[in-house]
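Good morning, colleagues. May I ask you to look at the model now on the screen.

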Amino acid sequence: MKIAVLKETATGEARVGATPETVKKFVGLGADVAVESGAGLGASVADADYAAAGATIGDRAAVLAGAEIVLGIQGPDPAALTGAKPGAWIVAGLNPFGDRARIEAYAAAGYEALAMEFMPRITRAQSMDILSSQSNLAGYKSVLMAAAEYGRAFPMMMTAAGTVSAARAFVMGVGVAGLQAIATARRLGAQVSATDVRSATKEQIQSLGAKPIFVENVQGIEGEGAGGYATEMSPEYQAAQAELISAHIAKQDIVITTALIPGRPAPRLISDAQIASMRAGSVIVDLAAESGGNVEGAVSGETVVKHGVKIIGAKNVAGTMAADSSALFSRNLFNFLSAFWDKEAGKPVLDEEIGDAIRLTRDGKIVNPRLLS
Ligand code: NAD
């Protein structure tokens, strides 16, 4: 059974879907692994490292020839998969809600597209969850990006020339990325506060030494919600949240927004008027910019200045730490495929719970209920 690891073709994508560590493990399971020449360069992995781990190295056509599984970070161009076996699995982050045409093309070409973003949030799948592994790094880096753009220091400093006051940082959306952003901002010495719609996050915020800012007069989401995800909030909640945030945000120097709702555009959390209320020189990082943005005026992949406030529209932040993000992403892919490895078949055989959750296409059709409803 042959596994192909392709060089990513999306602009600016430096990550790679396998590392020498995971290649070695796949080979240990009995798979043949072929890596496209140069695939690891963006993550500082040389062809020779893959070869030493047991992979064959070749051009795209040679790597794809007879492949039954194609691994990637982002979904490969369906037109550039010539040579892969009919029914081959395409296993990557496939952006199912954002790139319908690509999913349809996988179906038309007869591939079985498996979207790693649809991995169910169940305990046994935690080690397979690309959203968590990549968000964790993105949350960390978002704070460093803010610090680099901020014309002041994060920690309080008492110097002979006078005192520098601590930055006030506010994290909106306390999932995986938000928790790491809180921890990072605290480590840099900022005074940190945070908010979320899920009441379960209040304790997590406090345990990291940050201050929770929560809407108290309208019910949020109790407990963990469906699969741990947020849903769209009522107009009443949104109004109460806007009022609370307006009062708080005017006093903040750094704001990191991370709020996402699966399958929906990101919720709008910060208005232009709220940006105008912030002190000039403040920095906002919108980690949801690629999904429509939490911040009015944020542009994905760009930094814009509004009312003297820098708004960083973050794009593929995990990709800026390609060595670490590739290592974690690759382990997610290996953990997934190896968990289902069938020794007799010499390849993975999926069960219903996970297979049906992540399979987008099969037998020429789109089959995933989340894409059909
Ligand atoms: P996410 O990326 O979907 O969203 C980021 C955060 O934004 C969430 O905390 C969400 O509640 C919040 N949010 C959404 N709308 C908001 C609004 N209007 N205002 C303020 N905040 C808003 O979330 P995530 O990082 O994927 O994590 C969600 C939960 O799932 C966490 O509790 C996490 O621990 C859990 N999780 C479980 C597993 C697993 O069991 N396999 C894996 C990953 C995450």
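This is a predicted model: local features need pLDDT of at least 70, side-chain atom pairs count only at pLDDT 80 or more; totals for chains, interfaces and linings use all residues.

Residues are numbered from 1 along each chain as its sequence is written.

Let me begin with the core. A nonpolar core here is a set of buried Ala, Val, Leu, Ile, Met, Phe, Trp, Tyr and Cys residues joined through C-beta atoms within 7 Å. A residue is buried if 20 or more other C-beta atoms lie within 10 Å of its own, exposed if 12 or fewer, and partly exposed in between, with C-beta atoms placed from the backbone. The largest such core has 112 residues, among which A4 and V70 touch the most other members. Its largest share, nine residues, is contributed by helix α5, residues 130–149. Helices (H or I, at least four residues) and strands (E, at least two) are DSSP runs, numbered from the N terminus.

Of the 20 residues in α5, 16 are buried.

I turn now to backbone geometry. Most residues other than glycine have a negative phi. N316, however, has a positive phi near 45 degrees, and D363 has one of about 50 degrees. N316 sits in the loop between β15 (309–313) and α10 (322–339), whereas D363 lies in the loop between β18 (361–362) and β19 (365–366). Which of these is buried, and which exposed? N316 counts as buried because it has 21 C-beta neighbours inside 10 Å; D363 counts as exposed because it has 9.
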